[in-house]
Amino acid sequence: MPKWPIRVKLFVGLSVVVGMMLTLMGGSFFGLSAFHTSNLKLTDQLRELGASTHLLRTVVQLEAVPAETPLEREQLRRQVIEARAVLSQYTSQLKANTTRGNRANVWDELNLAFRIDDDLTTILSQLDPGSKVEPMLPGTRKLLRQLAEQGASSGPRTLSARLAQLNRHVMALPDILHRDFFEVLQQSKAHYESSRVIVWISALAVLAMLVGLTWLFHHWVLDPVRLLHRGVRRVARGDFAYKIELNSGDEMQALADAFNEMTARLHATYQDLERQVQERSRQLVRSERLAGVGFLAAGVAHEINNPLASIAFCSEALERRVLGLVEASHPSEAKVVQHYLRMIQDEAFRCKRITERLLDFSRCGEIRRERTDVLALVQSVVEMIQHMGKYRGKRIQILARQAVFADVDAQEIKQVVLNLVVNALDSMELGGTLRIDVRHVEQSCELTFQDDGCGMSPETLENIFEPFFTRKQGGKGTGLGLSITHNIVTQHGGEIRATSAGEGQGSTFVVRLPIRPPDRETSPPHDGAGPRLGVPARVVAACLMLATTLGMLLDSRDRGRWIGSIGESGRISLFDRVGGARSALRSPGQVADDGLPDRLDSGRV
C-alpha cells in the first residue's frame, strides 16, 4: 500500500465516490436514452402506420365508384384528389420521421409512394383529359425518367387497369410498414438488452468500488484509530512500555510516533520516580537503622568507655610499678611482660577510639555553616593524603577547574571528603586512579568520586552505609566511616549515592549538597543553667569524660589530688592540690601538661 497523507487518501476516496456516481449516472442515462429512442421510433412508426391506413382506406374506396356517367366520373375525380391529399400527408409524415432520424431506410416506402402518386396522376388525367395534371411529389418525375431511360412502362393506360394497379400498390404498403415496425421492435429489444447489460456492469462496478472504498476506509481510518485506541487503553492501565506499531505513512503515523515518544518519556519519568521512591525508602530505612544503631551505640559507648580507660591506665600503672620488680627477679621475663602490657594498652586505646567514633556517630551536633570554597577544601584534603606513604603509586586527579561555593560546615565536609578519598584509595591497586569532580548542578554542589578499584556487588551497595559494615580484611576497618559520612551529608540537607557496575569495575560516589539551605540552622537557646560554651557539644562531652576518667584512674595514693573545672570558653583545667600544678585540655586529645604525672599519655587519650 502506498503511504499517502490523509488529504491524498481523502481525495482518492472522494474520487471513488464520484466514480461510483458517474457510473450509476452513465448506466441510467444510457438506459433512459435507449428507452427514449425506442419510444420515439415506435411513436413515429405508429403515426406513419395511421397515415398509411388512411391512405389505404381512401384508395380502396376509389375502386368501388363506377365511372360510367359524367357525374360518377366527377365523383371519382374528387376522390382521387382527396387521395392525393392523403398521399401528401403520408409522405410528409414519412419525411418528418426521416428528418428526426427515427427511420433508417425509407426508400421502399418512398418508391411505393412515388408509384402511387404516378397512378393517381394518371387516373386524374384520364378523368379530365382537357387539363394538364403534374405529379404531386418531386420524386415521381425522377422515377418516371428512370423508367423511360430503362424503356419500361409506368403502367396500363386504361382507367380500370390503372385503378387495379393503384390498389395493388396501396395494398403492398402495409407489408412494408409492418416489416419496418418489426425492425423497430428488434432495435428496441437490442437497446433493452444493451441497457440491461450496461446497468448490470454499472451495478457490479459500483459494488466493486464500494467494497474497495470500504476496505480503504477500514485500512486507512478504522485500523489506525483502533490501534491508537488500544494503545491509549494500554497506557491508561499503566503499560508505559507499549509501542503503537503503525506504518500508514500519514498523519496517523505521526500521531502514533508522537504518542510513542510521550509514553517513552512517561515510562522514563515513571521509572525515575520509582527509582527515587525506592531510593527514598532505602534512605528512610537506613535513617531509621542509623538512628537505632546510634541510640544503641551511645549507650554501649558510655558503658564501655570507662572500663576501657581503666584497663588502659591500669596497664600503664602495672608497667611502671611491676616492670622494675620483674627485671630484678626475672630479667628474662621482663620484655615479655612489657610486651603484653603494651599490647593491652594499645588494644584498649584502639577500642576507646572506636567508642569515641560511636559517640561521634550517635550525636548530632550543631552545624556551623559558612561560605566555603568546596573545591579548595577538596584540594587541601588531597594534598594531605598524597603525602602518606601507603598511598604512593595511586593517582588522584581533580577534574574541576572552577571554584564552587556553598554554605557548609567546612570541618564536617572535610571529614566526608577524607572518608571517601581514603576508601577509594584503599580499594585500588597500585597504578589506580581516583577522579574527583566538583561542579554546580541545580542550586547544589555536586562532588563525584570515581575510582577504578575493586567495585561493589549489588549486596554491598545495598548495605554500604550500614553501621559496622565493612569489606576491609584483617580488622583494618570499623564500618563506621561511610555511616558517619552519610549522617553528615544528611544533616546538611544533601544526599549521597553509591553506584558500581560490578565487582572489579570501580565505584562512584556522588555527594550533593545544597548551595544555600532553605532554613539556616540556629544555635539552640541558652537556658541560663550554666555557662554558654563556644565549642561543639561533643568536644565538651569528650573533655568531661576525659577529666572524669583521669580522676577515676588515679591510684589510691593520688585519689582526691586532682580537681577539674570548666571555664567560660570551654577550657577544662585540672589542678594538683598537692603540687600546685595545673593542666589545661584545649580540645580532645590535646593536653598541656604542667606537672601531670608522666603516666598520662595525652597522645593516647
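Because the model is predicted, local features need pLDDT of at least 70 and side-chain atom pairs count only at pLDDT 80 or more, while totals for chains, interfaces and linings use all residues. Residues are numbered from 1 along each chain as its sequence is written, and side-chain values use heavy atoms, with hydrogens and water left out.

Turning to helix packing, helix 1 (residues 6-63) and helix 2 (residues 70-99) pack at an angle of about 165 degrees, their axes lying 9 Å apart. Helices (H or I, at least four residues) and strands (E, at least two) are DSSP runs numbered from the N terminus; axes are lines fitted to C-alpha atoms, for helices over the stretch in contact, with angles from 0 to 180 degrees between N-to-C directions. Helix 1 and helix 2 are therefore roughly antiparallel to each other (under 35 degrees counts as roughly parallel, over 145 as roughly antiparallel, 65 to 115 as roughly perpendicular, and the rest as oblique). Residues in contact (heavy atoms within 4.5 Å) include Leu55, Val59 and Leu62 of helix 1 and Val80, Ala83 and Leu87 of helix 2. The contact of helix 1 with helix 2 divides into 11 nonpolar, 8 polar and 4 charged residues; here Ala, Val, Leu, Ile, Met, Phe, Trp, Tyr, Cys and Pro count as nonpolar, Asp, Glu, Lys and Arg as charged, and the others, Gly among them, as polar.

Helix 3 (residues 107-127) and helix 4 (residues 138-150) cross at roughly 90 degrees, with axes that come within 9 Å; the two are therefore roughly perpendicular to each other. Among the residues making this contact are Phe114 and Arg115 of helix 3 and Leu143 and Leu147 of helix 4. By class, the contact of helix 3 with helix 4 has 4 nonpolar, 3 polar and 3 charged residues.

Most residues other than glycine have a negative phi. Glu442, however, has a positive phi of about 50 degrees, and Gln443 has one of about 60 degrees. Glu442 is exposed, at 67% relative accessible area, and Gln443 is exposed at 58%.

Notes:
Buried < 20%, exposed > 50% of the residue type's maximum accessible area, 1.4 Å probe, protein only.
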